[in-house]
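Welcome! Here is a short tour for anyone meeting this structure for the first time. Have a look at the sequence and the model, then read on.

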Amino acid sequence: MTKRFYVTTPIYYVNDVPHIGHAYTTIAADVIARHHRQLGEDVFFLTGTDEHGQKIGRTAQESGEKPIELANRVVLRFKDLWEKLGITNDDFIRTTEDRHKKAVWEIFKKIRDKGDIYLGVYEGWYDVRNEAFITDSQYEEYMELPESARPPLERLREESYFFRLSNYQQPLLEYYKAHPEFIRPINRRKEVISFVEGGLRDLSISRTTFSWGIPVPEDSKHIIYVWFDALTNYLTAAGFPDDMEKFGNTWPADLHLVGKDILRFHTVYWPAFLMSAGLPLPHQVFAHGWWTVDGEKMSKSLGNVVDPYRVVDEFGEDIFRYFLLREIPFGQDGDFSRGAIIGRINADLANGLGNLLSRTLGMIEKYAESRIPFPGGLESSDEEIKSGTLNTSKQVALSLGEIAYNKALVAIWDLISLLNKYIDESAPWVLWKKGSIDRLNTVLWVLVESLRIITILIYPFIPKSAQKIWERLGFRSSLEDERFQAALVWGKIQTGSRIDRGTVLFSRCEVKP
């Protein structure tokens, strides 16, 4: 039976248009999805939009729309951007869909039947921006922030259904201990454990002061808390509760990719809900960092919010994808700037990969009539390249298994540097002048075979550029159909195949204001 791999992004709030954070998470998920397809696995890749809650209702009111009109308008921006970025999601879930309402009602009933939901009164603070209930101690922390950095807080007192989260403090701690891989990276895991060890209070999971959302079963004056609603999307898309055969084959999720700001919802509330409902927990939740812009926090007031559409229009989707995953280790915060992107284009893509491709295919065109030559015996320098290439393939597989995109890309570009050095030291132009054709053919073959493997390795990251390279190497197939195993085997390039030198793949850029 083919192994199933289920990867998700968070579902994105439709109160605003997509920004760099949305693009970052979704590109990261796409790379993992593409890689697992390369491994021959049956991948299910989910993204979508979160369309309920007080904040959506207010935003719609401010814009003179109904909430569903706002959602229908903004959701197109997300779908259009994913197409522009080459995102290969298998499903797109909207929380306003009927299938999702059914799933929310079903898990609510399961938890209620377990005895973990009761009616009470909530009195306390509420963070409208993040749709989060705030404890008094958290409120004090918020008040220590500069006024410009504080989210809008409201004091609430209303009847509410509560989830017995306090009952799950010890089960959660035991689960974290038994499954250290559940929360990553490690520093985030420590933060979550510390939070849970500090004590868990029962969680308000309904509101009565607004109406935009999914009503509580048999009590429609209550609207289900937006995070209870939103987290359930992962079950909905997997088939719960209408297609339990699909659900059994798909759930639990292998990987939830989230921003660090919503890690607590995914690693405290979500597993507690699932435990109560008697459903398996996801295998891993990985939290990435935030992006600043030119060293400053992104904000509308500063006018420095990065529009992914504009970046892609200027540089292209592959360059944007490469930059986001190469610039910083996944899980850490990073800084975005045009200068940094241009630096990556010039150093890594134009002078590195592009230069290697151009030199190799140019020499095959000049010295071998545009056909991949038949090699002679490998010398020590060739064996070094062979070993380095195959080791790089193994390193990339290990790094992607660790969700270490930066580490994988560093390994690939170290190999690219090694190959450019190999060209300089082998000097094919000198071999041509000397008439050492057998040796020349071997060097050219080693280069093009290494490029074959590199193309497979870079495909999840920069798929459009990888496909262009693939075709220039003489292949007529789609890289989507090429298995990762082919990058672990040396000598699969077809001698005699005609290459296509083509035009410059990545042009150098000048830094402009």
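In this predicted model, D90 and R37 form a salt bridge, with their closest N and O atoms 3.4 Å apart. D90 sits in the loop between helix 3 (67-84) and strand 3 (91-94) while R37 belongs to helix 1, so the pair ties together parts that are 53 residues apart in sequence.

**Salt bridges and charges**

- The structure holds 27 salt bridges.
- Both partners of the opening pair are partly exposed: D90 has a relative accessibility of 41%, and R37 has a relative accessible area of 23%.
- E65 and R73 also meet through their side chains in a salt bridge, at 2.8 Å from N to O, and R73 is partly exposed at 44% relative accessibility.
- Another salt bridge joins E365 to R501, at 3.1 Å from N to O. This pair links distant parts of the chain, as E365 is in helix 14 and R501 is in the segment after helix 19, 136 residues apart.
- E365 is partly exposed, with 36% relative accessible area, and R501 is partly exposed with 37%.
- Salt bridges with shared partners bring R326, E327, R344 and D348 into one network.
- Across the protein chain there are 63 positive and 71 negative side chains, and the centres of these two sets lie 3 Å apart.

**Overall build**

- The protein chain has 19 helices and 16 strands. Its radius of gyration is 26 Å, close to the 24 Å that the globule rule gives for 513 residues, so the chain is as compact as a globular protein of that length.
- Along the principal axes, the C-alpha atoms of the protein chain fill a box of roughly 90 × 55 × 40 Å.
- Of the 513 residues in the protein chain, 58% are buried.
- Among contacts in the protein chain with a separation of 6 or more, 79% are between residues 24 or more positions apart.
- The protein chain exposes about 21800 Å², and carbon and sulfur atoms supply 48% of that area.

**Helix 19 and what follows**

- How many of the 10 residues of helix 19 are buried? The count is 7 of the 10, so helix 19 is largely enclosed by the rest of the structure.
- The buried residues of helix 19 are P463, S465, A466, Q467, I469, W470 and R472.
- Their cover includes helix 1 (20-38), helix 13 (317-326), helix 14 (338-367) and helix 18 (437-458).
- After helix 19 comes G474, which has a positive phi near 105 degrees.
- E482 is found in the segment after helix 19 (463-472). E482 is buried yet has no salt bridge, and R452, the nearest side chain of opposite charge, is 5.0 Å away.
- Apart from neighbours within four places in sequence, E482 is in contact with Q38, I456 and W470.

- V293 lies in strand 14 (residues 291-293) and counts as buried at 8% relative accessibility.
- Setting aside neighbours within four places in sequence, V293 is in contact with M298, N304, V306, D335 and F336.
- A230 is part of helix 8 (residues 226-231) and is buried, with a relative accessible area of 3%.
- Not counting residues up to four places away in sequence, A230 touches I11 and D50.
- The C-alpha atoms of A230 and E384 are separated by 51 Å, with the two residues 154 apart along the chain.

Notes:
Residues numbered from 1 in each chain as written. Predicted model: local features only at pLDDT ≥ 70, side-chain atom pairs only at ≥ 80, totals over all residues. Heavy atoms only, no water. Helix = DSSP H or I, 4+ residues; strand = E, 2+ residues; numbered from the N terminus. Rg over C-alpha atoms; globule rule 2.2 N^0.38 Å. Buried < 20%, exposed > 50% of the residue type's maximum accessible area, 1.4 Å probe, protein only. Contact = heavy atoms within 4.5 Å. Areas by Shrake-Rupley, 256 points an atom, 1.4 Å probe, with all protein chains shown as cover. Lys, Arg positive; Asp, Glu negative; His and termini not counted. Charge placed at Lys NZ, Arg CZ, Asp CG, Glu CD. Salt bridge = Lys/Arg side-chain N within 4 Å of Asp/Glu carboxyl O.
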